[in-house]
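Please consult the sequence and coordinates below while reading.

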Amino acid sequence: METQLEPMKDDLPLMANTSYMLVKHYVLDLDVDFRSKVIEGIIVLFFETGSQYRKTSSTGKEGCRSQFDEACKRRASEPCHIPVPNLSACSSKMECNDFAVCGKHEEDTSDKNGNHSNEEQASGMSSSKDCCDIENHGNKDFLLVLDCCDLSVLKVEEIDVAAVAGIEEFVRSAKLTDSSKELENLRNQIVHELVALPADRWKEQLRYFTCCSQAPGCGELLFTTDTWSLEIRKSGIQTPADFPHAIRIWYKTKPEGRSVTWTTDQSGRPCVYTVGSPINNRALFPCQEPPVALSTWQASVRAAAGFVVLMSGENSAEPVQLREGILSWYYYVTMPMPASTFTIAVGCWQEVKQQSFTAAIQSNIEFSLPSSQADFRWHDEICGHVEYPCRFQDSAARLQAVIPYRVFAPWCLMERCEECLIQLIPRCLSAAYTTLGTHPFSRLDVLIVPSNFSSLGMASPHIIFLSQSVLLGGSHLCGTRLCHEIAHAWFGLAIGAHDWTEEWISEGFATFLEDTFWARAQQLSHGEVKGQQELKALLRWRRLRDEVQNSEEELQVLRPKKESTGELSESGASVVKHGLKAEKIFMQVHYLKGYFLLRFLARAIGEASYLASLRKFVHKFHGRLVLSQDFLCMLLEDIPEQQKSGLTVESIIQNWLDTPGIPKLLPDQLVLLLEYLLEGKTLCPRVLQCLEKTYQLREQDAEVRHRWCELVVKHKYVSGYGDVEKFLREDQAMGVYLYGELMLNEDVKQQELAHKCFAAAQEHMDTSAAKVVAEMLF
């Protein structure tokens, strides 16, 4: 029996029935329109039959070949241009344009509630549960369910992939016996062979994906949308194995869609970018959101001249002019990853060029063979993930301490990036390489995003977003945040959580590793490293203690689904527990509690042994999804019995992952916390003025300025209210709770200040942040 999902509750539903059909590749063809604040175009999805209903075939070449030849007779050959570098053009039996714009004249079929459908009342399609009941399908049609929200779906159709010239080689052994289904079976067999091509043929695979995505349609499919999903069926098709394995969807986003934000950058120019929304990318394109749906993608995006399109992609895209005033950008990814990791940012970004001194820094970085190379000589072994062009198997990539990188920012922030950020990147990349070894991704773009970004940073494949808040006050905050996001290349991206509720696998590891990376980037002595890391631990302990005291217990659990973690319904649908809870976005318990667990384990077994285990874990599990016990089991296997001190996987899970609050730490971790001026009862205006002047608090990094603003609010220091207003406007990633402090004092001037700041920022604020602040103010 399928779980009945209640999408308006705090849990985020993952609706896609991935156990029946699993998407393997996306082809996106999109136009970005800033006037209407809409992204419009098509997406093509290539599927394999899911593990629950995989259909075995005992087919032969001859039947398939004869059917293919018969189909091919009906089509004339025309040239096909493919937007993949260094690939020759292919001939085709159908017109194959360079991602021709599609769907602009399709009729919007949405009803007054924003739901869409081309189903007729007489179709008999009463509900998704009816049509998805495959166990007793009888004469019921199979229903493909995709995750979809805030989208206008215009049309869905099956693609005739058999129309592509040269596709014959992908039909090897299809023995077609039912003449009425021969062509349908042929198409699915072609897609099966195409997605299964070996990794060394990835360029050819991308070329054929492009040609297939532009092949003629061979029949519209019935569809309907609701709050969280797009449901598609083909009349008379009752099993996933017989359902079309290549479909094309015409759609457009909505201005209010929650996966992207339309705003202006710090120079006042329009831009749009993915914001790391709790609903992920389902309001950007229809997709399969569950982590198990590891897929590759390629995308062609068109925008007006003057705009730069940045995206998760292995290539550094160069724009191609399609017509006057319109440029096209093409990206691709060959490493299968969840659709939630897809990222796009379109704006008038300026590239911050690397100056000669930056190149000198990079060339003078002391090269050292990473410990991973010295510890383990297993790089010629076969990786444990599905086949793709893996950098861990590339001898040149294994020696690349600093991958190619670019920095983009609004025009007004370029100077700050030149002064601070760009010279830190090679140092931090090299430090990460020395710690963990091979970089999982071949290149990196870093973008300074608009001020309404609700975090200090976000990592995606090949691209990192950073808040402008990290650029002021020296290099410390910028360096540590950059190291944190770089760490996500290994933990969070190359190694993903099998169940998204286990966020600590990503954030706890990145928080722990940012200290190691940053210490090595600064080339600190052993004593300096120890002092810096102890200080950071104290600061984090205090933040964790405060959060635990002021949050719901159920949000403090690192494995909220406990023994059910990783379990799916029969169809593959599931929920992300607390995924829609607004306050959860601003909680750091998964960062901090996860960090203290890893620090506890490192102390227990010794830092050198612990880092060696991390490198082993990276090599074994890159390109795969993991649960907490995968790491804990491997770690404890490598520890001599006398060093375990009673540690077991079960005890760690019980004490750290399945229980709210702060676990009892080792005695050396229960140290006296730093005293802060915030703990004092009174400070006169003269002292505060002297404090600001002496330490130039207004010029410090965002963490320091946040503390300064707290002092201003607590002691009603009117001369500092301008600092509070500026912080709430420019540092939205950190200023949410200042609104609460302004209201709690019950001071008229402070409450007026809170309302004034919110009114000015509300229009461009992150949706969840605005909701939390509104609850504080009204």
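## Salt bridges

R545 has a relative accessible area of 29% and is therefore partly exposed, where buried means under 20% relative accessible area, exposed over 50% and partly exposed in between (1.4 Å probe, protein chains only). The model is predicted: local features need pLDDT of at least 70, side-chain atom pairs count only at pLDDT 80 or more, and totals for chains, interfaces and linings use all residues. Residues are numbered from 1 along each chain as its sequence is written, and side-chain values use heavy atoms, with hydrogens and water left out.

The side chain of R545 forms a salt bridge with that of D546; the term denotes a side-chain nitrogen of Lys or Arg within 4 Å of a carboxyl oxygen of Asp or Glu. D546 is likewise partly exposed, at 30%. The structure holds 33 salt bridges, including those tabulated here.

| Salt bridge | N to O distance |
|---|---|
| R258 and D150 | 3.0 Å |
| R545 and D546 | 3.6 Å |
| R707 and E710 | 3.7 Å |

R258 and D150 meet in a salt bridge. This pair links distant parts of the chain, 108 residues apart: R258 lies in the loop between β11 (246-253) and β12 (260-264), and D150 in the loop between β6 and β7 (151-159). Helices (H or I, at least four residues) and strands (E, at least two) are DSSP runs, numbered from the N terminus. R258 is partly exposed, with 33% relative accessibility.

R707 and E710 are 3 residues apart in helix α16, so about one helical turn separates them. R707 is partly exposed at 32%, whereas E710 is buried at 13%. Elsewhere, salt bridges with shared partners join E158, D160, E184, R187 and K234 into one network.

## Helix α8

Helix α8 (residues 476-487) contains T480. Of the 12 residues of α8, 11 are buried, so the helix is largely enclosed by the rest of the structure.

The buried residues of α8 pack against several elements, among them α7 (414-436), α9 (504-522) and α16 (702-714). T480 is buried at 6% relative accessibility and touches E514 and W518, not counting residues up to four places away in sequence; contact means heavy atoms within 4.5 Å.

C478, also in α8, is buried with a relative accessible area of 0%. Its sulfur is 3.8 Å from the closest cysteine sulfur, in C420, which is too far for a bond. The structure holds 0 disulfides, a disulfide being a pair of cysteine sulfur atoms within 2.5 Å.

## Strand β10

In strand β10 (residues 229-233), 5 of 5 residues are buried. In a regular strand the side chains alternate between the two faces of the sheet. Both faces of β10 are covered, with S229, E231 and R233 on one side and L230 and I232 on the other.

Strand β6 (residues 143-147) pairs with β10 in the antiparallel sense over 5 bridges, pairing requiring at least two DSSP bridges between two strands. R233 of β10 is the bridge partner of L143. Strand β9 (residues 222-225) is also antiparallel to β10, through 4 bridges, and L230 of β10 is the bridge partner of T225. A hairpin of 3 residues joins β9 to β10.

## Overall composition

The protein comprises 20 helices and 26 strands. Of its 778 residues, 59% count as buried.
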